[in-house]
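This report describes selected features of a protein model. The structure is shown first, and the description follows.

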Amino acid sequence: MLITGVSKFSRVSIFSDLNNLADLTMHRRFATLTGYTQQELEHYFAPYMPELEQHCQLNRAELLEKIRYWYNGYTWDLQISLYNPFSVLNLFANGDFRNFWFESGTPTFLPKLMHRDKVYRLDKFKVDELMLGNYDLETLQLIPVMFQTGYLTLQSKDKRGMYWLDYPNREVRNSMLIFLMSEWAHVEPSYTTPMVVQLSDAFDDNDVPAIIEVIKTVFKKVPYQIFLQDREAYYHSLIYLTFFYLGQYAEAEVNDSNGRIDCVVKTPTHIFILEFKLDKTAKAAMDQIKNRGYAGGYATDPRPKVLIGINFSSETKSVDDWVVEEG
């Protein structure tokens with residue numbers, strides 16, 4: 001008998017019941033059971049690829065690379081990478097690249113669980129194998145749930161037997177970012193992508209006032225009392241989520257608290273270097289950009305550098321001051 005599902009059974013009974021199940025999740029002999037391998041994709045879907053190539057105006061190599069980027073990335077043995085079968089089937093049925101994971105529905109409790117634990121980034125988590133199988137309905141643990149529901153997959157394993165987890169592909173990463181932005185910004189999920197696309201367009205147009213207005217919009221609907229209770233978390237999480245999501249539409253690099261530059265956005269014509277401050281001044285942000293020579297790392301790039309210092313006020317819950325200079 002084979003039982004599949006999101007989570008493993010908890011072995012709670014002192015008698016037999018389901019205590020003798022064998023967990024195949026990370027068993028090497030069954031690593032290809034739940035998805036398509038590269039060989040299977042190229043073999044079984046070969047008759048359908050010419051039509052998709054023509055529609056997307058891609059050759060075979062380009063099409064395969066795009067399919068891999070969107071829907072591949074799952075692994076349970078760190079050797080064989082699998083495609084999500086649901087998404088691949090929908091890709092060829094619909095003839096277009098879309099976020100089918102999002103359309104299939106994301107449980108609303110997952111972003112709320114992340115919010116509860118003050119987690120706004122899922123990439124590069126380090127855990128042991130025992131945690132991956134942990135499941136307790138009484139006290140849900142974030143990382144096991146994310147792994148068991150497919151939002152995270154194995155990325156690597158170190159010499160101590162610890163596993164690194166990450167998003168498997170663009171489709172899953174986008175789905176989670178949509179719901180996280182919705183949860184932290186207190187907007188409907190359908191509004192998150194348009195906001196980020198507007199931000200991308202503003203960068204493409206080199207329109208700094210428009211960039212500021214979109215950033216203001218991101219924070220606008222956060223309830224005032226909630227923001228004051230946890231303003232540092234909201235400030236850092238929303239800035240990070242906004243620009244990490246922007247990376248799907250522009251080349252955005254977002255550093256965490258241990259990094260240097262808050263954000264760098266590269267467009268075809270410019271490089272934007274942004275520094276954010278909370279309850280200080282935009283000048284202080286600009287001074288940090290200059291004093292630490294943030295633009296120096298991009299000196300060999302011929303694109304003009306745009307330096308933006310932004311101060312965010314916890315009192316007004318908005319951007320209250322910003323300055324811009326050419327680097």
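Is S175 buried or exposed? With a relative accessible area of 0%, S175 is buried, where buried means under 20% relative accessible area, exposed over 50% and partly exposed in between, for a 1.4 Å probe and protein chains only.

## Basis of the description

The model is predicted: local features need pLDDT of at least 70, side-chain atom pairs count only at pLDDT 80 or more, and totals for chains, interfaces and linings use all residues. Residues are numbered from 1 along each chain as its sequence is written, and side-chain values use heavy atoms, with hydrogens and water left out.

## The surroundings of S175

S175 belongs to helix α9 (residues 170-185); helices (H or I, at least four residues) and strands (E, at least two) are DSSP runs numbered from the N terminus. Leaving aside residues up to four places away in sequence, S175 touches N99, W101 and F102, contact being heavy atoms within 4.5 Å.

## The five-stranded sheet

An open sheet of five strands has the order β4-β5-β6-β7-β8, with mixed pairing; two strands pair if DSSP finds at least two bridges between them. Because β4 and β8 stand at the edges with a single partner strand each, one side of each has no neighbour in the sheet. From one strand to the next, the twist averages 20 degrees. Axes are lines fitted to C-alpha atoms, for helices over the stretch in contact, and angles run from 0 to 180 degrees between N-to-C directions.

Strand β5 (residues 263-266) is antiparallel to β4 (residues 251-254), to which four bridges join it. β5 also pairs in the antiparallel sense with β6 (residues 271-278), again over four bridges, and a hairpin of four residues connects β5 to β6. C263 of β5 is the bridge partner of V254 and stands opposite L274 in β6, while V264 has I273 as its bridge partner in β6.

In a regular strand the side chains alternate between the two faces of the sheet. Both faces of β5 are covered: C263 and V265 on one side, and V264 and K266 on the other, are all buried.

## Helix α11 and W322

Helix α11 (residues 208-220) lies across β6, β7 (305-313) and β8, at about 155 degrees to β8. W322 is placed in β8 (residues 318-326) and, at 31% relative accessibility, counts as partly exposed. Beyond residues up to four places away in sequence, W322 touches V208, P209, I212, A282, G309 and I310. The C-alpha atoms of W322 and I310 are 4.4 Å apart, although the two are 12 residues apart in sequence.

## Nonpolar cores

A nonpolar core is a set of buried Ala, Val, Leu, Ile, Met, Phe, Trp, Tyr and Cys residues joined through side-chain atoms within 4.5 Å. The largest has 68 residues, of which M146, F203, F243, L246, V265, L274 and F276 touch the most other members. L246 touches V196, L199, S200, F203, A252 and V265, not counting residues up to four places away in sequence. A second, separate core of 16 residues includes F45, M49, L64 and W70.

## The packing of α2 and α3

The axes of helix α2 (residues 49-56) and helix α3 (residues 60-71) come within 10 Å and cross at roughly 90 degrees. α2 is therefore roughly perpendicular to α3, the category for angles of 65 to 115 degrees. M49, P50, L52 and E53 of α2 meet R60, L63 and L64 of α3. By class, this contact of α2 with α3 has five nonpolar, no polar and two charged residues; Ala, Val, Leu, Ile, Met, Phe, Trp, Tyr, Cys and Pro count as nonpolar, Asp, Glu, Lys and Arg as charged, and the others, Gly among them, as polar.

Definitions and conventions. Angles under 35 degrees count as roughly parallel, over 145 as roughly antiparallel, 65 to 115 as roughly perpendicular and the rest as oblique.
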